[in-house]
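This report describes a structure for a reader who is new to the subject. Please keep the sequence and the model in view while reading.

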Amino acid sequence: MSLRFQRLLLILLTLVIILIAVLLILYNTRENVSYFYTPSEIDKSEIIINKTIRIGGFIENDSFNKISSSSFKFRITDEKASIPVSYNGILPDLFREGQGAVIEGAFNNNDVFNATNVFAKHDENYMPASIKEDLKDTGYWNKKYK
Amino acid sequence: MKFLVNPSKFNEIADYIFKPVLILSIILFALGLLFSLIISPDDYQQGSTVRIMYVHVPSAWLALLTYAIMTLYSIAALAFRIPFGFIFNTAVAPIGAVFTLICIVSGSLWGKPMWGTWWVWDARLTSVAILFIIYLIVIFMNLSFENRIVREKVVAIFILVGSVNLPIVKFSVDWWNTLHQPATISKFSKPSIDPSMMTPLIIMTFAFMMIGLAIAILRIKTEIISRKSNLG
């Protein structure tokens, strides 16, 4: 085995070991690395009142209620569980029913989630607006795209 | 392919291709801007804001690509004693740092109207911020040693250690819940982007590549000269 090949092997081996070490750390701290919980991951028995957490999911269809110009009530869901949310503040442009969102806040005593921040989450699909109209006209519009 | 490892061969090729690369980058940028600002359609969800993608995504790809090439050159330089690898790393690190910065700033400008926030500490954004810090450390290390031989090796080893971050950046959106959406274009599936929006993205990516290559050629040539005259 030539010297340069030994050095190459040593470098690659070191890299693999470092990568495994880092991935092990990240794997074991994934609860903290993840930016939000999904509604079904939240265990009702383990809810800590007034502890700030983030929940990510979709805004449930027909759940959005505008109380006043800056006060809203809606439900966030991942199609397995659903959580009622109340929010005072400004909603981002992309916020609408059926759209993804991440909500920061805390549960109150009545199991309602009091949001302090609402972030809209968009998906990885990009499509010209005109095509959406075409699809709607011809009846091929898939509601899931909403 | 000797010009990829041999400084004088590199100089020959570089003199030959520099002007064509520069002209190509100008043409591609003009074409890319025309496509991304005028010809490409509005997005069905995001409207005109989607056009930020045509700067954000190419700069992100180039930031990762630059680091990946630096990693390969570090391995070559350390294992096969190819000094050109050290020259390359010194010259190119600032280019990668600028691409990362463009990615972060444009992403921030995109995030404010769409997500409702400039910045969040989710896995994707944090790992890209770490990539930027790694680039900065490489740049500062390159400026800080008295002995060039020692400095080159230390920097190359640091680049190798930092390369662990690359797969984390790439897969962060798949491994963890993040505010950032998953990849639109991946090798294994049909891209979920319309061809009319894919075209400006591809053109802008090549434009970024060409401008990066042009600056890299200049910087590598400068680095070779300064080493010959013992300034580096």
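## The strands of chain A

In chain A, strand 2 and strand 3 are joined by a hairpin through 2 residues. Strands here are DSSP runs of E with at least two residues, helices are runs of H or I with at least four residues, and both are numbered from the N terminus. Two strands are said to pair if DSSP finds at least two bridges between them. This is a predicted model, in which local features need pLDDT of at least 70 and side-chain atom pairs count only at pLDDT 80 or more, while totals for chains, interfaces and linings use all residues. Residues are numbered from 1 along each chain as its sequence is written, and chains are lettered from A and ligands numbered from 1 in the order in which they are written.

Strand 2 (residues 65–68) of chain A runs antiparallel to strand 3 of chain A, with 3 bridges between them. One pair of bridge partners here is Ser68(A) and Ser71(A), the latter in strand 3 of chain A. Strand 3 of chain A also pairs with strand 4 (residues 82–88) of chain A, in the antiparallel sense and over 7 bridges. In this pairing, Ile76(A) stands opposite Ile83(A) of strand 4 of chain A. These two strands form a hairpin with 4 residues between them, and Glu79(A) in the turn has a positive phi of about 75°.

## Strand 1 and its partners

Strand 1 (residues 53–59) of chain A is joined by 2 bridges to strand 3 (residues 71–77) of chain A, and the two run antiparallel. Phe58(A) has Thr77(A), in strand 3 of chain A, as its bridge partner. Strand 1 of chain A also pairs with strand 5 (residues 100–107) of chain A over 6 bridges, in the antiparallel sense. There, Ile55(A) stands opposite Ile103(A) of strand 5 of chain A.

Strand 5 of chain A pairs in turn with strand 6 of chain A, again in the antiparallel sense, over 8 bridges. Glu104(A) stands opposite Asn117(A) in strand 6 of chain A. The hairpin of strand 5 and strand 6 of chain A has 5 residues between the strands, and Asp111(A) takes a positive phi near 65° in it.

## Domains and contact between the chains

Chain A is assigned domain 1 (1–33) and domain 2 (36–121); such bounds come from an automatic or database domain assignment. The C-alpha centres of these two domains of chain A lie 40 Å apart.

How many residues of chain A are in contact with chain B? There are 33 residues of chain A in contact with 35 residues of chain B, where contact requires C-beta atoms, placed from the backbone, to lie within 7 Å. On the side of chain A that touches chain B, the elements giving two or more residues are helix 1 (3–28), helix 2 (30–33), strand 6 (113–121) and helix 3 (129–138) of chain A. Helix 1 of chain A gives the largest share of that side, 8 residues. By class, the side of chain A that touches chain B has 20 nonpolar, 5 polar and 8 charged residues. Ala, Val, Leu, Ile, Met, Phe, Trp, Tyr, Cys and Pro count as nonpolar, Asp, Glu, Lys and Arg as charged, and the others, Gly among them, as polar.

## A helix in chain B

Helix 3 (residues 83–114) of chain B has 32 residues and should span 46 Å at 1.5 Å a residue, which agrees with the 46 Å between its end C-alpha atoms. The expected span is 1.5 Å times one less than the number of residues. Helix 3 of chain B has a kink of about 40° at Val92(B), shortly before the proline Pro94(B). The bend at a residue is the angle between axes fitted to the seven residues ending there and the seven starting there. Gly116(B), with a positive phi near 95°, follows helix 3 of chain B.

## Confidence

The mean pLDDT (the predictor's confidence in each residue, from 0 to 100) is 83 for chain A, where 89% of residues reach 70 or more. In chain A, confidence is highest in helix 1 of chain A, at a mean of 91, and lowest in helix 3 of chain A, at 69. Where pLDDT is low, the predicted coordinates should not be read in detail. For chain B the mean pLDDT is 91, and 97% of its residues reach 70 or more. The model scores ipTM 0.80 and pTM 0.89.

Methods: Two residues are in contact if their C-beta atoms, placed from the backbone, lie within 7 Å.
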